[in-house]
Amino acid sequence: MKARRPLLALFAVLVCGWGLAACSEPDGVELFVRRSAARDGVYIYRLPLTDTTAAYDFWFYSRPRKHALDDIQLNVQWLSPSGEGFSETVYMRRVDVLGSRELYRSGMVPAEAGEWQLSVRPVGTGEELLGFGVVCKRQDGTR
C-alpha cells in the first residue's frame, strides 16, 4: 500500500499544475459579431490587452452572403481603458464566399493595460456581409 502513496502524491501535483495552467491568461481571443447584432452597422469588440510588455497581432475575417467583395473600406476606432481614442481607415482586400481572414496589424503593444474597445464599420457593403470578426493573438516572442 505504501507504494501507491507516492503515485497519488504525483497525481495530485500534476492535477494542481494543470489547474493553475488553466487559470493563466489565454494567448488570444477570437470574436465574431453577426450582422444582426451590429449597432447601426458597427461591429464592437472588447479585447483584454492586459500585458503592456507583450505585442499583439490582429486579423479581421468575414464572409459575404452571395458574391465576393473586393477592397472593403473599414473605419476602425480604438478606445483605451482610460477613454483615449484613435481612429483610422483601412481596407480589406477581398472577402470570398468561403470566408476570408486578413492581417490587420502585427506587433501592436498597448499603451495601457486593460480592456480595449475596437469598433469596425465596413463601408458600402450593405447587407452583403453575414457578420464580421476579429482575432487577437498575443505574440510568444520567439520570432
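Contact here means that heavy atoms lie within 4.5 Å of each other; the model shown in these views is a predicted one.

**View 1. The largest nonpolar core.** This core is made up of 26 residues, and Leu74 is among those with the most contacts inside it, together with Tyr45, Leu47, Phe60, Trp78, Leu118 and Phe132. Two or more core residues are given by each of S2, strand S3 (56-64), strand S4 (69-79), S5, S7 and strand S8 (129-138), and the largest share, 5 residues, comes from S4. In soluble globular proteins, nonpolar side chains tend to be buried together.

**View 2. The open sheet with the order S2-S7-S4-S5.** The 4 strands of this sheet pair in the antiparallel sense, and strand S2 (43-49) and strand S5 (85-95) form its edges, each pairing on one side only. On average, neighbouring strands are turned by 25° against each other, direction ignored. Between S2 and strand S7 (residues 114-123) there are 7 bridges, and Tyr45 stands opposite Leu118 in S7.

**View 3. The open sheet with the order S1-S8-S3-S6.** This sheet also has 4 strands with antiparallel pairing; strand S1 (28-34) and strand S6 (100-108) each have a single partner strand, so one side of each is left without a neighbour in the sheet. The twist from one strand to the next averages 15°. S1 and S8 run antiparallel and are joined by 7 bridges, with Lys137 in S8 as the bridge partner of Gly28.

Notes
Residues numbered from 1 in each chain as written. Predicted model: local features only at pLDDT ≥ 70, side-chain atom pairs only at ≥ 80, totals over all residues. Heavy atoms only, no water. Pairing = 2+ DSSP bridges. Axes fitted to C-alpha atoms, helices over the stretch in contact; angles between N-to-C directions. Core = buried A, V, L, I, M, F, W, Y, C linked by side-chain atoms within 4.5 Å. Buried < 20%, exposed > 50% of the residue type's maximum accessible area, 1.4 Å probe, protein only.
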